[in-house]
Amino acid sequence: MKHRPVVLAAVILFGIGGCGVINNADTDKAAAPAATATAKPTPTTAKPTEDTGGSTDSVKDGGNIPDPCTLLTKAEVTGLTGHNITQIDKDGASEGDVSRFCQWQQDNGQLALFLSRTTADEFKVTVAEAETVDGVGEDAYSANGHLYVLYGTVQIDVYVRGGSDAENLATAKKVAKVVIPKI
C-alpha cells in the first residue's frame with residue numbers, strides 16, 4: 001500500500017508524456033501499457049462519483065474507508081433530510097485514514113456521516129444510555145442523538161438534526177440504508 005503514491009506518480013508522468021509535455025517518442029511508447037495496467041480501480045482505489053453516489057467495490061471488510069462526502073449526492077441528502085444544503089464540511093483526510101467524516105450543513109438542520117474501522121467486539125462497547133436499533137446493518141444502537149451501525153468492519157455513525165428525536169432517528173436509519181450498499 002505504501003507503493004501507491006509511486007505508481008500514481010508514474011501514471012501521471014506517463015500521462016503527461018502522452019500530452020506532449022515530455023517529447024520523447026520512446027517514453028510515449030513505454031508509457032501507454034503501464035498507464036493502462038494501473039488505471040483499473042481496485043477496492044482500495046475506486047473513487048465514488050457525484051453522478052453515481054457511490055462505488056461498486058465494497059470496503060466492508062477491508063480496504064480504505066471512502067470519503068463520506070462522495071457516498072451521497074446533494075440530491076440524496078436533500079431528499080433524505082428534507083432540508084436544503086447550505087455548506088458541506090469535508091474532513092480533509094488522506095486516502096488510507098481509518099476514520100472519515102462529512103457534514104452537510106442545512107437550513108434548519110444538519111447531517112453528519114462518520115465512518116471508521118472497528119470490530120464486532122469493539123462495536124458492542126457502548127454507553128449506558130444506548131438503545132438497540134433494529135432494521136439496519138448487522139447491529140445498531142442509538143446514543144446521544146447518533147445512530148451507530150455496524151457493517152462488516154465499518155462503523156457508520158449518522159447524526160441528524162432538524163426534527164424531533166424520533167424523526168432524526170428515522171432519517172438516520174434511511175441515510176444508513178442508502179450508504180451501506182456504497183461502502
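Predicted model: local features only at pLDDT ≥ 70, side-chain atom pairs only at ≥ 80, totals over all residues.

Trainee: How many aromatic pairs does the structure hold?

Mentor: The structure holds three aromatic pairs.

Trainee: Why is the pair of Phe101 and Phe114 called tilted?

Mentor: The ring centres of Phe101 and Phe114 are 6.0 Å apart, and rings pair if their centres lie within 6.5 Å. Their planes stand at 35 degrees; under 30 degrees would count as stacked and over 60 as edge-to-face. The pair is therefore tilted.

Trainee: What parts of the chain does this pair tie together?

Mentor: Phe101 lies in strand S2 (residues 99–106) and Phe114 in strand S3 (residues 109–117), so the pair ties together parts that are 13 residues apart in sequence.

Trainee: What makes Phe101 and Phe114 partly exposed?

Mentor: The relative accessible area of Phe101 is 27%, and that of Phe114 is 28%. Buried means under 20% and exposed over 50%, so values in between count as partly exposed.

Trainee: How do you know that the pair of Phe123 and Tyr141 is tilted?

Mentor: For Phe123 and Tyr141, the planes are 55 degrees apart and the distance is 5.2 Å centre to centre. Stacked rings need an angle under 30 degrees and edge-to-face rings one over 60, so the remaining term, tilted, applies. Phe123 belongs to helix H4 (residues 120–123) and Tyr141 to strand S5 (residues 139–143), so this pair ties together parts that are 18 residues apart in sequence. Both Phe123 and Tyr141 are buried. Ring pairs also link Phe123, Tyr141 and Tyr148 into a cluster.

Trainee: Why is Asn168 called buried?

Mentor: Asn168 has a relative accessible area of 13%. Because buried means under 20%, the term applies. Asn168 lies in helix H5 (residues 165–179). Leaving aside neighbours within four places in sequence, Asn168 is in contact with Val160, Arg161, Gly162 and Gly163.

Trainee: What makes H3 roughly antiparallel to H5?

Mentor: The axes of helix H3 (residues 74–81) and H5 come within 9 Å and cross at roughly 150 degrees. Angles over 145 degrees count as roughly antiparallel, so H3 is described in that way relative to H5. The crossing of H3 and H5 is right-handed.

Trainee: Which residues make the contact, and how are they classed?

Mentor: Glu76, Leu80 and Thr81 of H3 meet Thr171, Lys174, Val175 and Val178 of H5. By class, the contact of H3 with H5 has three nonpolar, two polar and two charged residues.

Methods: Residues numbered from 1 in each chain as written. Heavy atoms only, no water. Helix = DSSP H or I, 4+ residues; strand = E, 2+ residues; numbered from the N terminus. Buried < 20%, exposed > 50% of the residue type's maximum accessible area, 1.4 Å probe, protein only. Contact = heavy atoms within 4.5 Å. Axes fitted to C-alpha atoms, helices over the stretch in contact; angles between N-to-C directions. Parallel < 35°, antiparallel > 145°, perpendicular 65-115°, else oblique. Left-handed = near helix turned anticlockwise from the far one by under 90°. Nonpolar A, V, L, I, M, F, W, Y, C, P; charged D, E, K, R; others polar.
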